[in-house]
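Open the model in your viewer and keep the selection panel at hand. The stops below go from one selection to the next.

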Amino acid sequence: MLLDFIRCEFKHHFIVGILLFLICLQTLTFHDGFSTNTKSKSANEGSVSNSDKKNYINISVDHNNNTSVNQNQTINEQKIKIVAAGDFGCRPVAQNNIKQIELQKPDIFLVLGDLSYEPSLDCWYNMTKSLDSKIKVAIGNHEDDEEKAKGGSKELKNSLLEHYDLQNSYYSFDYGNVHFLILDTQLEFSLNVFKPEEKEDEEDTESNKDTESNKKPGAKYYVTTLKDLLAKHNIKAEIPPFHLVNDEVIVEDIPFDTEQYIFAVNDLEKANNNSSIDWIIVMFHKPMYSSLSSHIQEYIMRDKYQPVFDRYAVDIVLQGHNHIYDRTLPLQFNPNNISKPIVDESNNTNKFSNPEGSIFSVIGLGGRTSHIMLNQPNYVASQHNGFGFLGIEINGKQLDGKYYDIGYKCKEDKLKESDLDEGDFTIFEMPSCKMDKSINSLKIIDHYTISKVK
């Protein structure tokens, strides 16, 4: 009996021991597996490829309107794709242009002003929804009350600032080894916007030339005649009559030291002294340099800003407003004659190595209309009036620029001399514009390169 009892107890403890051993073994296996999976996950997180790192970019804006990009240095070793165009509207041509821009998969989409040409920006926001996070926008005259009769308003400008999370209409940001400065030409004096007013009493005007009373009601700056203002800035260029209705018109003489100007000078100085920045690109709406077309060149803004661009080595200046494409040779400011810039002739027209001066481009063929050009200045290397966009690829210290025509065929308007006298330069009947289906790819109209070799 006792022997049977001992055998039973032994058998029971043996079975319990086996069970305990199996439980412990399973627990050890589970913990080991958990540990292995954790290490594997950590290893994967630490092995993000260089191409993936490009996607981890945080952009922030400081109190001085500078937008900084916190990013891994490896982005400087990759190609940066930039697309630029302006003067879109929401017609089918513009819609197709946006689709072609989407296919480029740009890192940055620079929009040079005049977006919807409507009292609302809804069509623009809807049309560019997929590109929204990549857009950097300049304010055009159609986003301001300069074009109040055509739907422009301060509300449109404020809408853009809010939508694109901008504290001000002039700002800057870095992306990789490129610094971008965006200016608002609506804050500058423009030869396109003055209107004839009644002349002031000559005796009163003469006696108050340098006093506070020499301001127009509500004006921020002192006033003068357009004729005197052009003389003050040494502007000797021939300006078509439709741009100068009356050179005795009273205009505001805006000083240099505006908030935007001070910001631009400080910003470009900082960028020029930053060893991690290889390229500086400036963009705004109304052009300092342009082939003669619907809108005049902004000579006074040229006098004000181009010396700053020269001083701080701006590489490219992107502009809109005129519905054309043109691109200059590298230009420097000529203080002896503002109308005749100093041209860098040490390079050919398409390949530039360490050029002296900035290349200015007008890219105003986003889709609204196309304008005729009346001349080609000696410093303009390329012209075109077919709809499209500028693509820029930057790879380290090499820059590659191409203007792409998106392939529309349009019936030409029969322009009369009276049309040009009144400022109507529209070259195509827009309802006639159809995509040329025989063209399978974008056509490269202009191709240039810039290299920075030590």
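**Disulfides**

Begin at Cys123, which counts as partly exposed because its relative accessibility is 21%. The coordinates belong to a predicted model. Show the side chain of Cys123 together with that of Cys90: a disulfide joins the two, with an S to S distance of 1.9 Å. The torsion about this S-S bond is about 60°, so the disulfide of Cys90 and Cys123 is right-handed. The two cysteines sit in distant parts of the chain, 33 residues apart. Cys90 is in the loop between strand S3 (79-85) and helix H3 (92-104), and Cys123 is in helix H4 (residues 122-127). Cys90 has 16% relative accessibility and therefore counts as buried, the cut-off being under 20%.

How many disulfides does a search of the whole structure find? There are two. For the other, select Cys410 and Cys433, whose sulfur atoms are 2.1 Å apart. The S-S torsion of Cys410 and Cys433 is about 120°, so this disulfide is right-handed. Cys410 lies in the loop between strand S20 (408-409) and helix H10 (417-421), while Cys433 lies in the loop between H10 and strand S21 (434-435). The pair therefore ties together parts that are 23 residues apart in sequence. Both cysteines, Cys410 and Cys433, are buried. Counting bonded cysteines along the chain, the pattern is 1-2, 3-4.

**Leu415**

Stay in the loop between S20 and H10 and select Leu415. Is Leu415 buried or partly exposed? Leu415 is partly exposed, because its relative accessible area is 28%. Beyond neighbours within four places in sequence, the contacts of Leu415 are Ile372, Leu420, Asp424, Phe425 and Thr426.

Next, display the strands in the order S5-S4-S3-S18-S19-S22-S15. These seven strands form an open sheet with mixed pairing. At the edges are strand S5 (135-137) and strand S15 (351-353). Each of these has a single partner strand, so one side of each is left without a neighbour in the sheet. From one strand to the next, the twist averages 20°.

Within the sheet, pick strand S18 (residues 388-395) and strand S19 (residues 398-405), which pair in the antiparallel sense over eight bridges. One place to look is Asn395, whose bridge partner in S19 is Gln398.

**Helix H8**

Select helix H8 (residues 259-272). At 1.5 Å a residue its 14 residues should span 20 Å, and the end C-alpha atoms are 20 Å apart, which agrees. Colour the buried residues of H8: Gln260, Tyr261, Phe263, Ala264, Val265, Asp267, Leu268 and Ala271. An α-helix has 3.6 residues a turn, so residues three or four places apart point the same way.

**Gln319**

The last stop is Gln319, in strand S11 (residues 316-319). Its relative accessibility is 0%, so Gln319 counts as buried. A polar atom of the Gln319 side chain lies 2.7 Å from the backbone nitrogen of Met288. Apart from neighbours within four places in sequence, the residues in contact with Gln319 include Leu112, Phe284, His285, Pro287, Tyr289 and Phe360.

Note on methods:
Residues numbered from 1 in each chain as written. Predicted model: local features only at pLDDT ≥ 70, side-chain atom pairs only at ≥ 80, totals over all residues. Heavy atoms only, no water. Helix = DSSP H or I, 4+ residues; strand = E, 2+ residues; numbered from the N terminus. Buried < 20%, exposed > 50% of the residue type's maximum accessible area, 1.4 Å probe, protein only. Polar contact = N/O pair within 3.5 Å; in protein donor to acceptor, adjacent residues only side chain to side chain. Contact = heavy atoms within 4.5 Å. Disulfide = S-S within 2.5 Å. Expected span 1.5 Å × (residues − 1). Pairing = 2+ DSSP bridges. Axes fitted to C-alpha atoms, helices over the stretch in contact; angles between N-to-C directions.
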